[in-house]
Amino acid sequence: MRVLIVGCGYVGMPLGTELAKLGHEVFGLRRTHVPEADLMAAGVKPLVADVTRPDELARLPTPFDWVVNTVASSKGELEEYRQVYFEGTRHLIERLAPTPLQKFVYTSSTSVYAQTDGSVVKETSATEPRSPTSRLLVEAENLLLAAAQTKKFPAVILRVAGIYGPQRGHLFLQYLRDEARIAGRGERFLNMIHRADLVSALVAALKNGRAGEIYNAVDDEPIAQIHFFRWLSEALGKGMPPFAAEVEDAQGKRGLTNKRVSNRKLRMELGVQLQYPTFRQGYTAEITRLGRAGGLNIRPEPNSLPGR
């Protein structure tokens with residue numbers, strides 16, 4: 001297949017590497033001219049265009065068989081989100097709809113689910129987020145779903161949970177820096193997916209995803225925040241973080257939610273087999289990697305040792 005990856009960064013880069021290994025012709029689109037040696041070494045052909053600029057998208061060397069949009073906003077302002085996620089999606093639909101495109105996979109977010117009662121949510125659950133940025137993601141999804149119905153645009157949506165892996169994992173990195181806090185009583189569920197498993201999910205969506213369908217990309221086990229930190233504490237021999245009051249994101253990027261996101265559809269329909277089915281396997285691998293690289297500087301604390 002001739003594949004375009006829009007936003008060839010933390011997720012798009014390893015995806016491009018995997019698709020190139022599978023024998024596909026892969027193009028990686030970035031917003032600006034940056035060093036391209038990493039792309040070329042991975043077998044990915046570099047392209048430069050800004051999804052917010054239709055005139056730049058017009059120069060893309062279409063047609064493509066598959067397109068994956070993993071683009072991310074580089075700034076936190078609401079207008080930037082609108083331009084990148086909503087307008088960018090609209091521009092891509094307009095550019096690609098007239099071409100013989102076979103599959104368009106879009107990475108949305110599980111932040112579109114606003115449930116606060118700890119309930120299990122699936123793809124048909126309500127999406128009524130409080131945060132303006134998450135509402136923009138819903139609007140972008142609706143653009144794609146409408147195009148799938150009216151223009152036969154082959155859109156597939158992955159709602160992606162919190163991504164972790166090498167150099168990524170917000171709470172984990174905070175914990176290593178002694179900056180983590182347990183919010184409230186630590187009962188709020190965390191939903192995660194390792195980057196390697198997200199890449200597998202994206203490849204499966206390209207191969208087997210049905211146009212107009214939504215799939216949750218998340219691992220097998222939502223985990224309460226306090227149990228996540230307790231596991232880290234035991235694994236690293238490091239004390240638990242202090243408790244703190246729960247507060248909304250000051251920038252309004254994410255509302256406080258508490259839900260358990262189900263991946264049943266991802267596994268049943270797309271046949272995804274997770275390399276890291278829970279955070280334990282994933283963070284064990286990351287802790288091992290950091291340890292070998294000398295990136296763990298932790299002094300065991302007496303009150304965190306087994307039996308204390």
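Let's start at asparagine 258, which sits in the loop between strand S14 (243-244) and strand S15 (259-261). Please keep in mind that we are looking at a predicted model. Is asparagine 258 buried or exposed? Its relative accessibility is 15%, and the limit for buried is under 20%, so asparagine 258 counts as buried. What does asparagine 258 touch, once we leave aside its neighbours within four places in sequence? There is a run of contacts with Gln115, Thr116, Asp117, Gly118 and Ser119, and then Glu187, Arg188 and Phe189 join the list.

Stay with the loops for a moment, and look at two residues with positive phi. Lysine 152 is in the loop between helix H5 (132-150) and strand S7 (155-160). Its phi is near 55°, a positive value, and the residue is not a glycine. Lysine 152 has 70% relative accessibility, and because exposed means over 50%, lysine 152 is in the exposed class. Glutamine 167 is the other one, in the loop between strand S8 (162-164) and helix H6 (170-176). Here phi is about 60°, again positive in a residue that is not a glycine. Glutamine 167 is exposed too, with a relative accessible area of 58%.

One more backbone item for those of you who like to check omega. Which peptide bond is cis? The one from threonine 62 to proline 63, where omega is near 10°. Proline 63 itself belongs to the loop between helix H3 (54-57) and strand S4 (66-69).

Helix H4 covers residues 78-96, and its axis is 9 Å from that of H5, at an angle of about 5°. Angles under 35 degrees count as roughly parallel, so that is the label for H4 and H5. On the H4 side, the contact is made by Leu78, Tyr81, Arg82, Tyr85, Phe86, Thr89, Arg90 and Ile93. H5 answers with Pro132, Thr133, Leu136, Leu137, Glu139, Ala140, Leu143, Leu144 and Ala147. Sorted by class, this contact holds twelve nonpolar, two polar and three charged residues.

The next pair is H1, residues 12-21, with H7, residues 195-208. Their axes come within 10 Å and cross at roughly 55°, which means H1 is oblique to H7. For the handedness, the crossing of H1 and H7 is right-handed. H1 brings Pro14, Leu15, Glu18 and Leu19 to the contact, while H7 brings Arg195, Val199, Leu202, Val203 and Leu206. The class count for H1 with H7 is seven nonpolar, no polar and two charged residues.

Last stop, threonine 284, which is found in helix H10 (residues 279-292). What does its side chain reach at 2.6 Å? That would be the backbone oxygen of arginine 280. Not counting residues up to four places away in sequence, threonine 284 touches Trp231 and Phe279. With a relative accessible area of 40%, threonine 284 is partly exposed.

Key
Residues are numbered from 1 along each chain as its sequence is written. This is a predicted model: local features need pLDDT of at least 70, side-chain atom pairs count only at pLDDT 80 or more; totals for chains, interfaces and linings use all residues. Side-chain values use heavy atoms; hydrogens and water are left out. Axes are lines fitted to C-alpha atoms, for helices over the stretch in contact, and angles run from 0 to 180 degrees between N-to-C directions. Helices (H or I, at least four residues) and strands (E, at least two) are DSSP runs, numbered from the N terminus. Angles under 35 degrees count as roughly parallel, over 145 as roughly antiparallel, 65 to 115 as roughly perpendicular and the rest as oblique. A crossing is left-handed if the near helix is turned anticlockwise from the far one by less than a right angle, and right-handed if clockwise. Contact means heavy atoms within 4.5 Å. Ala, Val, Leu, Ile, Met, Phe, Trp, Tyr, Cys and Pro count as nonpolar, Asp, Glu, Lys and Arg as charged, and the others, Gly among them, as polar. Buried means under 20% relative accessible area, exposed over 50%, partly exposed in between (1.4 Å probe, protein chains only). A polar contact is a pair of N or O atoms within 3.5 Å; within protein, one must be able to donate a hydrogen and the other to accept it, and residues adjacent in sequence count only if both atoms are side-chain atoms.
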